[in-house]
Amino acid sequence: LVEVARADYRNAETERAELRRLLQAGFGLGETDVRALLRRAEAEADAAVAFDRHVDLINELCTAQQKYRLVKDLWHVAKADGEIHHYEEHLVRRLADLLYVPHREFIRSKHEAGAG
């Protein structure tokens, strides 16, 4: 989610706000926990060169429905600033592929998120 928010090289507060909202709603986290989680996620994103470790963990631990929801949440973050930059779309598509989300579900998630 942090990577998608950063993909267009703009620091859009609307995308960060949507990311916080999704974390609070999806995981029942309070504002303090969300801030701490985002700081850690941003530090890891700064240091990471590949998604392999995270993708492997998601594929191992998450159901197809949970991965679908994640892809839909990625779309929500990407569109939060009013437009989907082609870098954001490329990243969501790449992550959906790495998570083995079928193309049909990728498209459905985009439409359900109001991103397409």
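This is a predicted model: local features need pLDDT of at least 70, side-chain atom pairs count only at pLDDT 80 or more; totals for chains, interfaces and linings use all residues.
Me: How many residues of the contact of α2 with α3 are charged?
Reply: The contact of α2 with α3 holds 5 nonpolar residues (Ala, Val, Leu, Ile, Met, Phe, Trp, Tyr, Cys and Pro). Beside them stands 1 polar residue. The count of charged residues (Asp, Glu, Lys and Arg) in the contact of α2 with α3 is 4.

Me: Why is α2 oblique to α3?
Reply: Helix α2 spans residues 13–27 and helix α3 residues 31–47, and their axes lie 10 Å apart. Angles run from 0 to 180 degrees between N-to-C directions, and those under 35 degrees count as roughly parallel, over 145 as roughly antiparallel, 65 to 115 as roughly perpendicular and the rest as oblique. That makes α2 oblique to α3, since the angle at which they pack is about 120°.

Me: How are α5 and α6 oriented to each other, roughly parallel or roughly antiparallel?
Reply: The axes of α5 and α6 come within 10 Å of each other. They cross at roughly 175°. The relation of α5 to α6 is therefore roughly antiparallel.

Me: How many residues of the contact of α5 with α6 are nonpolar?
Reply: From α5, the residues V71, L74, W75 and A78 meet E88, E89, V92, L95 and A96 of α6. The contact of α5 with α6 has no polar residues and 2 charged ones. Its number of nonpolar residues is 7.

Me: At what angle do α5 and helix α7 pack?
Reply: Helix α7 covers residues 103–112, and its axis lies 8 Å from that of α5. The two helices are oblique to each other, and their angle is about 45°.

Me: How many charged residues has the contact of α5 with α7?
Reply: The packing of α5 on α7, whose axes are 8 Å apart, is made by Y68, V71, K72 and W75 of α5 together with E105, F106, R108, S109, K110 and E112 of α7. By class, the contact of α5 with α7 has 4 nonpolar residues and 1 polar residue, while the number of charged residues is 5.

Technical notes
Residues are numbered from 1 along each chain as its sequence is written. Side-chain values use heavy atoms; hydrogens and water are left out. Helices (H or I, at least four residues) and strands (E, at least two) are DSSP runs, numbered from the N terminus. Contact means heavy atoms within 4.5 Å.
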